[in-house]
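Dear colleague,

I am passing on the structure we spoke about, and my notes on it follow directly below. Please read them with the model open beside you.

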Amino acid sequence: MITLLSMAMLALSLAHGVHGQTGSAGSAVETTDTVPELTVITEPPSIVATRGGNLTLPCRLHRTSSFNFGTSGMRVKWTKYSPDLAQENDVFVSMGFHKKAYGGFQGRAFLQEADDNDATLIITDVGLDDYGKYKCEVIDGMDDNIVEVTVEFQDKGIVFPYSPRLGRYNLNFHDAEKACMDQDAVVASFEQLYDAWQAGLDWCNAGWLNDGSVQYPINKPRGPCGGTNSNAGLRNYGRRDKFHSRFDVFCFTGTLTGRFYWLVQPNLLTYTEAIQACQEDGAEIAKVGHMYSAWKLQGYDRCDAGWLADGSVRYPISNPRKNCSPDEAAVRMVGFPDKKQKLYGVYCYKAQ
């Protein structure tokens, strides 16, 4: 990581383009001996943002000295903490005329610069990866300041379990991150899974969380899921090897910024035909995260099984009824059928 005390040395690196860090219920195979008592984590004051909108992270230099060592202007460094707070990844650095955004923030992160003391960062087109904890370090001569800011979703979003076509327990942590990203989601945090458990999520397959731990939520204790005499709660396997351990994953997605819909077609489609049909309608084949968001946050309800981008076939039921998830509102999964079968329709997603 780059420190503000070495900002002068960083200027040369920036000039040469050196980059900073970039950052259904079933039976679980293994169980834990004890279930930890669950507590609510109180977050520090935070900024609430909307997916697809703009974000303002305030930071200012409060000067206490009029003496200046001849510096070339205020030096600013913004970083973002990893979910486990163990690492900081570079977001934006400013030193005089040298200004640089890193990783996925390139082209989206800018300093507000309302006056000589302003180090406020503006992030445009906010995405799921932009939520979390940030740190601003600003220095000019003898004056310096550090500000930490937490960014949260405007809405709760939704957590959903995910396993790939290969079946249960086939994802290491890095595969899990990609799997969620491919479904318009990110790996869920403990707090997000905890909220989902409180809202009734019950899932007996263990999945990765973004801090590298593996857990699963149980509201109805039963034999294969920690035992019938255990308490309801989050079963915790602890931190696992991110490269070699393999589990499912819990993904988190937020409000849609586009339109999710069932594409009316005269005939049933193969997977390839489903992709083409959405494209001809000016859209893309919908992702799993699109369906969960539309179902949970918009009340989308349709009893037609349709192809999704990962090759799975699912349908969302908000109003339980006979032959359409009679017992509960849920996203129902048919499975990962042969992609050449002409047995299903398709759900599409049209971005704004």
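In this predicted model, six strands form an open sheet in the order β1-β9-β8-β3-β4-β5, with mixed pairing; strands here are DSSP E runs of at least two residues, numbered from the N terminus, and two of them pair if DSSP finds at least two bridges between them. Its edge strands, each pairing on one side only, are β1 (46–49) and β5 (98–101). β1 is joined by four bridges to β9 (residues 143–153), and the two run parallel, with A49 standing opposite F153 in β9.

A further open sheet has three strands in the order β2-β7-β6, and its pairing is antiparallel. Here the edges are β2 (55–57) and β6 (109–111), each of which pairs on one side only. Three bridges join β2 to the antiparallel strand β7 (residues 121–123), where L121 stands opposite L57.

As for helix α5 (residues 288–298; helices are DSSP H or I runs of at least four residues), eight of its 11 residues are buried, so the helix is largely enclosed by the rest of the structure; buried means under 20% relative accessible area with a 1.4 Å probe, protein chains only. Among the buried residues are H290, Y292 and W295. Just after α5, G299 takes a positive phi of about 70°.

Residues are numbered from 1 along each chain as its sequence is written. Because the model is predicted, local features need pLDDT of at least 70 and side-chain atom pairs count only at pLDDT 80 or more, whereas totals for chains, interfaces and linings use all residues, and side-chain values use heavy atoms, leaving out hydrogens and water.

With best wishes

Notes
Buried means under 20% relative accessible area, exposed over 50%, partly exposed in between (1.4 Å probe, protein chains only).
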